[in-house]
Amino acid sequence: MEKPAADTYSSPFALFYLFNLIVGVGALNLPRAFNTAGLPVATVLIAVLCLFGYMAATFVTEAMAAANAYAAMEDKSKTTPVSYSSNVGEENDIKPLLEPNDVLEKPQDYGSGGLLLSSESHVLRPEYYEITKKFELGTMANMFFHPVGIFLYYLVICMFLYGDLAIYAVTIPKSLATVFCSIGNDNQTSVNQTGPTQNFTECIGNLAQAEFYYIFLAIIALVLSPLAFFNLQKTKILQLITTVMRIFAFTLMIIIALYYISNGNRATPTIADGKAFPSLFGVSVYAFMCQHSIPGIITPMKSKRWLYHIMAADFILVLSLYYLLSYTGAFWLGKDINSLHSLDYFIPWNLYPASSKILKLCGYYLALFPVFTLSTSFPIIAITLRENLKSLVRTLLILMKRDVTYPFLVDRIVFPLFVVIPPIGIAFGTQNIDILVSVTGSYPGVCVQYLVPVALAFAGMRAIKKKYGKYQNQYRSPFRHWIFFVVLTIWSGICIVLVTVYLPLKYA
């Protein structure tokens with residue numbers, strides 16, 4: 001049963017929600033990668049990646065419309081034994097990409113291309129393509145992909161979510177340790193011409209900042225990890241609060257950087273550095289990542305008439321924000337930009353001039369805002385990973401023709417442990433956010449952002465044409481020509497190869 005119209009929203013709110021969805025933690029890592037690679041190269045590359053990200057988003061939308069049409073016809077003909085959809089308004093900020101019961105019980109249930117085929121032929125009317133029900137990427141993969149394709153989908157989405165959690169697990173304690181250890185450490189911190197240089201060799205007593213990082217990481221693990229054993233949802237109020245905090249923080253960063261530059265604190269940006277390409281590419285892909293959550297943003301929209309125009313406007317706005325954030329950071333700090341850019345605006349309270357109370361407050365806010373926003377997202381992403389990990393194992397067992405029933409201990413204990421232990425372990429092993437973002441963005445990120453949308457749009461169109469003859473999808477991507485499918489696929493392969501070649505050179 002559909003929820004009342006109160007759960008839907010207008011186009012301006014959709015613009016706002018999609019903007020918030022795209023701009024995430026990746027934006028904090030972008031300025032350093034942008035400057036390190038060189039302004040000319042970085043300026044062109046992130047514009048290209050912005051365009052490709054928009055293309056992929058339109059492919060996801062087209063696949064959603066195809067899934068709505070296909071499900072409507074299957075419901076009408078009574079040949080679909082499972083429901084592939086959820087009602088409008090049931091989306092939260094982050095949801096599992098496939099519910100556990102959505103996986104079919106045996107490979108024989110699939111027809112050609114992974115579809116449940118009917119022996120009857122029906123007329124597929126254009127209005128069936130209306131996006132009235134939400135189809136997550138995992139659900140669409142289950143509808144349109146072969147079982148092997150479904151397994152590969154869950155493999156890459158789980159790898160991406162593991163990388164996500166590892167980045168969060170490093171960012172939160174790193175921010176806390178920096179702020180905590182700066183209080184009263186005026187002998188270990190100085191403000192140079194371009195900005196703050198933080199090197200807290202001692203924090204409290206004989207403990208260094210690096211040791212406090214591990215203390216805070218242990219606290220985060222003890223507090224947030226147990227939430228992966230339960231079912232949580234991000235409430236609308238919490239989502240709104242984090243959105244306002246994020247927008248306010250990025251606005252402050254740009255204003256404060258311009259303030260420092262106008263007062264003579266300037267640096268010389270890097271012109272070009274080929275070895276920095278892997279970091280820039282991985283961070284840029286990560287910074288435009290939104291495709292896996294688009295179904296929850298698009299479906300509740302009251303009117304989808306200008307859907308692709310709204311998407312284009314959002315990507316242009318995000319690109320403009322990234323340019324402002326990266327250029328101001330580059331001309332203010334140059335090569336001294338922190339890998340977590342929010343920490344560049346923070347210096348110990350006793351080093352601010354007496355007249356800089358506002359800068360002091362802003363510095364604390366910018367240093368700590370990732371702690372709140374990422375802490376609220378960590379358990380939600382962990383639960384999302386848990387459900388997708390279950391689906392990955394279930395799909396593998398189906399392919400092996402094995403029993404897919406999980407014992408209570410495995411379902412409630414083993415899977416949550418497998419979710420939280422690897423990212424926390426990675427965070428204990430490294431504090432290098434650059435390499436975590438590079439690897440996450442360059443490998444599973446490329447697959448989730450480019451290859452999965454291309455495959456879903458192509459498979460959905462092919463399945464409907466094969467079964468119903470015509471494909472009258474009013475939500476077809478503006479990039480509907482086959483050449484764009486090929487371009488995005490080849491681009492993904494080239495980038496993975498280049499990153500694989502250059503990444504070892506950078507960290508050798």
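Lys467 is buried, with a relative accessible area of 14%, where buried means under 20% relative accessible area, exposed over 50% and partly exposed in between (1.4 Å probe, protein chains only). The model is a predicted one, in which local features need pLDDT of at least 70 and side-chain atom pairs count only at pLDDT 80 or more, while totals for chains, interfaces and linings use all residues. Residues are numbered from 1 along each chain as its sequence is written, and side-chain values use heavy atoms, with hydrogens and water left out.

The partner of Lys467 is Glu74, and the closest N and O atoms of this salt bridge are 2.4 Å apart. Because Lys467 lies in helix α14 (residues 444–468) and Glu74 in helix α3 (residues 39–77), the pair ties together parts that are 393 residues apart in sequence. Glu74 is likewise buried, at 1% relative accessibility. A salt bridge is taken here as a side-chain nitrogen of Lys or Arg within 4 Å of a carboxyl oxygen of Asp or Glu, and the structure holds nine of them.

Another of these salt bridges joins Asp434 to Arg32, with 2.8 Å between the closest N and O atoms. Asp434 belongs to helix α13 (residues 433–442) and Arg32 to helix α2 (residues 26–37), so this pair ties together parts that are 402 residues apart in sequence. Asp434 is buried at 12% relative accessible area, whereas Arg32 is partly exposed at 29%. Lys335 and Asp336 also meet in a salt bridge through their side chains (3.8 Å, N to O); here Lys335 is exposed at 69% relative accessibility, and Asp336 is partly exposed at 36%.

Of the 508 residues, 57% count as buried. The accessible surface comes to about 21,000 Å², and 66% of that belongs to carbon and sulfur atoms, the areas being computed by the Shrake-Rupley method with a 1.4 Å probe and, for residues, with only the protein chains shown counting as cover. Among contacts (heavy atoms within 4.5 Å) with a separation of 6 or more, 89% are accounted for by residues 24 or more positions apart.

Helix α8 (residues 277–287) deserves a look of its own: 11 of its 11 residues are buried, so the helix is largely enclosed by the rest of the structure. Its buried residues include Phe277, Phe281 and Tyr286, along with Gly282 and Ala287.

Ser326 is placed in helix α10 (residues 307–333) and has 0% relative accessibility. A polar atom of the Ser326 side chain lies 2.9 Å from the backbone oxygen of Tyr322. Leaving aside neighbours within four places in sequence, Ser326 is in contact with Leu30, Pro31 and Phe34.

Leu217, in helix α6 (residues 209–224), is also buried at 0% relative accessibility. Beyond neighbours within four places in sequence, Leu217 is in contact with Ala169, Pro173, Ile424, Ala427 and Phe428. The C-alpha atoms of Leu217 and Thr171 are separated by 9.6 Å, and these two residues are 46 residues apart along the chain.

Methods:
Helices (H or I, at least four residues) and strands (E, at least two) are DSSP runs, numbered from the N terminus. A polar contact is a pair of N or O atoms within 3.5 Å; within protein, one must be able to donate a hydrogen and the other to accept it, and residues adjacent in sequence count only if both atoms are side-chain atoms.
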